[in-house]
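Please read them with the model open.

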Amino acid sequence: MTALDHVQMPDLLQGVALVSLIWSSAVFLVQSIGLYKLFHLLSRPLPAPVSPKLPRDQVPHITIIRPTKGVEPGLYECLASTFRQEYPKNKLTIRFCVSSASDPAYETLKQLVRDFPQFNAAVLVEEEDPLLHGSDGNVNNLGPNPKIRNISRAYREADGDVIWILDCNIWVGKGAAGRMVDKLFGFQTNGASAKPYKFVHQLPLVVDIESTTTDETETLLLSDSGSTLAPTTGLMGRGGRLEQMFMATSHAKFYSAINTVGIAPCIVGKSNMFRKSHLDRFTDPAQNPILSSSSTHNRRTGVDFFSSYICEDHLIGDLIWRSKMPGYRNHGLVFGDVAIQPMSGMSIYSYVARRVRWLRVRKWTVLLATLVEPGVESLLCSLHFSFAMTTLPFVEKYIGVPPTYTSMGALWLMSVTIWMTLDRWVTCMLYQLRSVEVDENTPSFARGTARRGGAKQPSFLREWLPAWLGREFLALPIWTWAVLLGTTVSWRGKSFRVNMDMSVVEIPDDKVDKLEREDAPLTNGHANGGIKNIVTSSSLDPTDERIGNSLRSRSKDRID
């Protein structure tokens, strides 16, 4: 093999190698922080929350808002977990939000309200929102963001100050509400208190469950059918396993690490809690100096403020992070409590489409993070490390690593192997779900692999390793296609172009065919509810009747 001659090594090449060493070392450090936090706080049962045991007049009232669209795997059990919280019933207001009474999930929502009559629970239908419909309403009073339109009324009519927005496909343990309130308010044992937070959230975790039917009734009963982590029934049917692998490895490690360091907001809009009074104040330009009065003219406050924007979950978290509130910390991840999303029936095609869409709508919200994302994946980060170790002269001098391509290849393989071993360990630990409280109401997908009645641990060679390799080798092609080779996304039969202002414009029908030919390999189809947070350009005139009709039809689509 040809040696890398360090004696005549160009200074530029050594500079690049030094950057590679610093980068890979930083990634290893961040991952180490994430792994430590995951192991330290998710490998054992959590303490009981403090807030539910406070005197009743001191227990904060929570309005739980659950936006819903369509029937998801385990939908009934996910939504029922809201009622099974160990929190005073008279301190909970539960609102299920759906776009239309014709939505397939509507009857399930009504059944839940009937099954738990002792709670203050109701189903709110967007088509009945007086702000948007009726004699005093107007469909254009809000922008086209479907999730915001869905939850707007529940937010406006909330009881108390604490808002918990919890997606319909998320299951939470019975102590989650109490521990999130503890974190938000700083409640601790023995009457002690910590500095409160402005915003708290949970780590999302996907569980791929076996399902061979889309029948609504069987789907609702899926969680009680003794399901297992989905077996490999064919190459193209492993998309759910890839999504599960991504959420339990790369995403979980960096999500935990970034929220531990606390240098920037890092949230996913699955399970978020904050104060209504804070968000109302932060979205009012008269009270928040970081807002421009000209750019926010005529916008409503609260969640409605974000109705014309893409990625509302990120924007809400980012605004709360940047807005000053003396005496409060920014964001707090409730370590140990996980937001579990059961998933079934996702193909590899749908997984790729989901990731492409997510990256294309995300790249303008956190551009720098999106651009460097390939460098945090195992294959490319290990390449940075092996290149640096066989290029920098001081490495050979003090460690004795020969400057050869053979050494570079060996170091790369060693780094990837260690990375994979740690990922295997962390996924096995995470899916034991040791931190989740289990009782007779806990569905099988939330019992973990270490408990009776829970899912089975996937075989390393037949199931886990193919999923890990597939996820890692697809990461760079997906990123390249999504970030560098296109700006369009396809969603439920409509095509959109993503703009730099975090909005999208619907593509006219006469141009769809050409664009779909360009992007079809990765962007057609949808997975478990479709693309996240698509809206039309905020520059469109909402008084235009054609646009108003478009907004009305688009508001029925799912934000996942």
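1. Start with the largest pocket, which holds about 1,000 Å³ of space. Its lining has 34 residues, and those closest to the centre are Phe 254, Ile 258, Cys 266, Arg 362 and Ala 369. Keep in mind that the model is predicted.

2. H8 has the largest share, with seven residues. By class, the lining of the largest pocket splits into 24 nonpolar, five polar and five charged residues.

3. The second largest pocket has about 770 Å³ of space. Of its 31 lining residues, Lys 183, Gln 188, Leu 333, Val 334 and Phe 335 are closest to the centre. H1, helix H5 (176-185), H8 and strand E7 (329-343) each supply two or more lining residues. The largest share, seven residues, is from E7. This lining counts 14 nonpolar, ten polar and seven charged residues.

4. How many cavities of 30 Å³ or more does the structure hold? There are eleven. The second largest cavity has about 110 Å³ of space. Its lining includes Lys 147, Phe 199, Asn 272, Glu 312 and Asp 313. Helix H4 (146-156), strand E6 (271-275) and helix H10 (312-322) each give two or more residues to it. The class count is seven nonpolar, two polar and three charged.

5. Finally, look at helix H3 (residues 106-115). Its buried residues are Tyr 106, Thr 108, Leu 109 and Leu 112. Seen down the H3 axis, they fall within an arc of 165°, so they line one face of the helix.

How values were computed
Residues numbered from 1 in each chain as written. Predicted model: local features only at pLDDT ≥ 70, side-chain atom pairs only at ≥ 80, totals over all residues. Heavy atoms only, no water. 1 Å grid on protein atoms, 1.4 Å probe; cavity = no way out; pocket = protein on both sides within 12 Å on 5 of 7 lines; lining within 4 Å. Points joined across faces, edges and corners; volume = space filled by probe spheres on them. Helix = DSSP H or I, 4+ residues; strand = E, 2+ residues; numbered from the N terminus. Nonpolar A, V, L, I, M, F, W, Y, C, P; charged D, E, K, R; others polar. Buried < 20%, exposed > 50% of the residue type's maximum accessible area, 1.4 Å probe, protein only. Arc of directions from axis to C-beta.
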